[in-house]
Amino acid sequence: MASSSGTSSGSTMLQNSGSEEDLHQVMDQRKQKRMLSNRESARRSRMRKQKHLDDLMVQVAQLRKENNQILTRLSVTSQHYSTVEAENSVLRTQMIELSNRLESLNEIINCMHGNGITGVEPQIQQDYDCFMKPWNMSYINQPIMASADLFQY
């Protein structure tokens, strides 16, 4: 009986060691499977990160392009503004000159309708007569001398 009991305990040991071996193999398989799964997950993560980085690089390129276009339009608009501002300055100056000339012409017309100046000293009358002669009024037909170069910023 002792011998059968010894044999059965020896076979139990063999079974235990076989079970431990099987358990160890199962654990190794799970470990391998987990490692492969982790590697695949890390690979997918790297791919997602790379795709995100590529998308960001495309977005940066697009934003730089838009920024350059905006800067170009701003430069053109600024140049146009400067040109218009210079033209406006010339026009304002011309308007003032023309207003002064019109005022002078209206004064001359008023004096002509009044037939000269009466009751003044002879020297003033002589100056007035010289002033009223058309051939002495050459200043009226002179061109207006305003230009964009007149105003330097």
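Student: What makes up the secondary structure of the protein chain, helices or strands?
Tutor: This predicted model has two helices and zero strands in the protein chain. One of them, helix α1, covers residues 2-113.

Student: How many of the residues count as buried?
Tutor: Of the 153 residues, 7% do. The cut-off for buried is under 20% relative accessible area. The accessible surface of the chain comes to about 13,400 Å². Carbon and sulfur atoms hold 58% of that surface.

Student: Why is the pair Glu-40 and Arg-43 called a salt bridge?
Tutor: Set the distance against the cut-off. The closest N and O atoms are 2.3 Å apart. The limit is 4 Å, so the pair qualifies. Glu-40 and Arg-43 are three residues apart in helix α1, so about one helical turn separates them.

Student: What makes Glu-40 and Arg-44 a salt bridge?
Tutor: Here the N to O distance is 3.9 Å. That is within 4 Å, so this pair counts too. Glu-40 and Arg-44 are four residues apart in helix α1, again about one helical turn.

Student: Which residues are linked in a network of salt bridges?
Tutor: Glu-40, Arg-43 and Arg-44. Glu-40 takes part in both pairs, with Arg-43 and with Arg-44.

Student: Why is Glu-40 called partly exposed?
Tutor: Its relative accessibility is 31%. Buried needs under 20% and exposed needs over 50%, so Glu-40 falls in between. Arg-43 has 36% and is partly exposed. Arg-44, at 40%, is partly exposed as well.

Student: How do you know that Asp-55 forms a salt bridge with Lys-51?
Tutor: The closest N and O atoms are 3.2 Å apart. The limit is 4 Å, so the pair passes. Asp-55 and Lys-51 both lie in helix α1, four residues apart, about one turn of the helix.

Student: Is Lys-51 buried or exposed, and what decides?
Tutor: Lys-51 has a relative accessible area of 51%. Exposed means over 50%, so Lys-51 is exposed.

Student: How many salt bridges does the structure hold?
Tutor: Three. Side chains of opposite charge can pair when their charged atoms come close.

Student: What share of the contacts with a separation of 6 or more joins residues 24 or more positions apart?
Tutor: The share is 69% in the protein chain.

Student: What is the mean pLDDT of the protein chain?
Tutor: The mean is 79. Of the residues, 63% reach 70 or more.

Student: Where does pLDDT stay under 50?
Tutor: Over residues 1-8. For residues 1-8 the model has zero contacts beyond four places in sequence.

Notes
Residues numbered from 1 in each chain as written. Predicted model: local features only at pLDDT ≥ 70, side-chain atom pairs only at ≥ 80, totals over all residues. Heavy atoms only, no water. Buried < 20%, exposed > 50% of the residue type's maximum accessible area, 1.4 Å probe, protein only. Contact = heavy atoms within 4.5 Å. Areas by Shrake-Rupley, 256 points an atom, 1.4 Å probe, with all protein chains shown as cover. Salt bridge = Lys/Arg side-chain N within 4 Å of Asp/Glu carboxyl O. pLDDT = per-residue confidence, 0-100.
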